[in-house]
Amino acid sequence: MCGITGFTHKNWLPPPERIRQATSTLIHRGPDQQGVHETSVFSFGATRLKIIDLASGDQPILAQNGEFGIVFNGEIYNHLEIRAQLERLGHSFQSHSDTETVLRAFMQWDKECFAKLRGMFAVALWQKSTRRMVLARDRMGIKPLYIARHGEDLFFGSELKSVFVHPEIERRLSLEGLDCYLALNYVPCPYTLVEGIEKLPAGNWMEWRDGVVTSGSYWRLPLGVREDLTLGAAKEELDALLQSAVKEHLLSDVPLGVWLSGGVDSSTILHYAATATTSRLRTFSISFRGRSFDESKYIADAVKKYNTDHEEMDLNPQVDLQSAIEEFAYYTDEPSADAGSLPVWFLSKLCKRKTTVALSGEGADELFGGYLTYRANRIAARMRWAPNALWRLGAAAVQHWPASDEKISFEYKVKRFLQGALMKPERAHVYWNGTFSDQEKNELVRMSLPGALGKIIAEMPSVSAGTDDLAPYTWWDQKYFLADDILVKSDRMSMAHSVEVRPVFLDHRVVEFAATLPARLKIQGATQKIVLRELMKDKLPPSIFQHGKIGFDIPAHDWLRGPLRPMLEETLRAGVRDYGDIFRGDVISDLAKRHAARQINAGYQLWGLLILFQWMRKWRIQAAATPHPGAFAPARVGTLV
């Protein structure tokens, strides 16, 4: 795992230290080795976390006396197969690293090489004589890649901070990104919260050739349900795919472990990992002792069955939560206010004590239909015959229910469901897993937002999969919620501690298989992820199946009334003071007061504002025509070795 950055300079001359400054901002992603390469047109940098081929493979890697080069972030699990094929075609290798394999594959097959790669990656390749650079990102967006254009030149980096190094690029708040963030607590691709900076979409490439930029895709999220598929056949196929995927994901020259939550997804990965290796596995978990959502019992059952070397940390208000949250603004670098970021931060910190690589269970809910929102979609569809007046009456009535301190209580779900049922089905799906409604956003900000969220949501009805009522929602969640929330959280929190996380379910063969499953093999009534549960019911401890989906996040409603309240109030006051030209202070103040008084549960909305204002202050984001005082803040840099 690594961090990469670079830029072209066709029409300007960068200061000699610029590429080293940009590279230094990513040292946490690659503390083991750092390097840069410069030509008259390109500057590239990489920081390396050594996972495969510890003795060689330092980056950047060049070939043919510097004619070709690469900086690479990720892992290619089938690189040995590709290497053997390239050797038969006459290529010779100087290292055993997958990075060199990708470089040679590009030299042989050009952009067609990306479709041959099985893994997670963000990559920049160049050809000196043609003044050409090619960027690409893995199919599911596991590894990040930000891009910015300035005239005819192109800048890129694994994290925004490596782009922020360039004073040529303004740090002005993007209203398109803000429109999405306030509704979702994350920013969907291609938007970011900074004008002029975008994310390269998953499964896409971008080519710069002497100032001319083109782009395209080499893979798209699949659709195509096999209605004749039986449960038995689906189980057999999924079993074979998981065996193969987990075996490949175990490839590592450094210690490796498994993140274990006590649910079906992570326990499934543990099961297949345990059957694929004779070594004793390490497992790592976060507990919430004494809370209704604590999964310690189920974790213990899995640890006992597979005899793992287990490490566990209890996350509670006695832990220094505030210091961790303050670090988010630097390491997340673009605010992603998933309430699971805090436990993942501490899980990564715990994991780093003994391992550098961890397998995880992210993605199974989006692939196999594990979220409650999918059931809510179905229930609402059956009930929308009722007039809106009746829905409004019900939504108004439940507002008088007392607010609970539970993480996601029955009261919270009912209120949220009824409010969402008044919306169009596509907006309701997003609202049930989001924060502010369109009306609430309009009340919160002082200007009209540009409707970027609506454009993203509008993609849902365009997805056609016959009679499959789940397909538009699972497809959208895979493209946006998974890539821009779940995977961003996992990448930033883990890489802050120099840990590589591998989400096994996102092997593209598993993704393509899941897309063929008819809805009846995903959800029936209250039973979800049917194929996965049926496959694993005789393999995992019975207790794993005896509880519903719990979710891996903090009790935001409770903690923002309690241990995190002083931090919240201070951050909101500062945010309103500094950015009052964007946000209505009276609305924010009223929201916080009503939440503290238990009149409403607005924990996720307030968490989103807390993270947003921390980030804006840290990076001195310009929120108006007049630059914010003090811009620009320097990125924190390490020391290049």
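The model is a predicted one.

Start with the total. The structure contains 23 aromatic pairs. A pair of aromatic rings is described by two things: the distance of the centres and the angle of the planes.

Take Y186 and F481. Their ring centres lie 6.0 Å apart, and their planes meet at 55 degrees, so this pair is tilted. The two residues come from distant parts of the chain, 295 residues apart. Y186 is in the loop between α5 (175-184) and β10 (197-199). F481 belongs to helix α19, residues 471-495. Buried means under 20% relative accessible area. Y186 has 3% relative accessibility, so Y186 counts as buried. F481 has 9%, so F481 counts as buried too.

Next come F368 and F505. This aromatic pair is edge-to-face, with 6.3 Å from centre to centre and 75 degrees between the planes. It also links distant parts of the chain, 137 residues apart. F368 is in helix α11, residues 364-368. F505 lies in the loop between β17 (500-503) and α20 (508-516). Both F368 and F505 are buried.

Rings can also join into a cluster. Here, ring pairs link F164, F328, Y330, Y331, W345 and W619.

Another lysine is placed over a ring elsewhere. The charged end of K305 sits over the ring of Y306, at 5.6 Å from its centre.

Terms used. Residues numbered from 1 in each chain as written. Predicted model: local features only at pLDDT ≥ 70, side-chain atom pairs only at ≥ 80, totals over all residues. Heavy atoms only, no water. Phe/Tyr/Trp six-rings, centres within 6.5 Å; stacked < 30°, edge-to-face > 60°. Helix = DSSP H or I, 4+ residues; strand = E, 2+ residues; numbered from the N terminus. Buried < 20%, exposed > 50% of the residue type's maximum accessible area, 1.4 Å probe, protein only. Lys NZ or Arg CZ within 6 Å of the ring centre and 35° of its normal.
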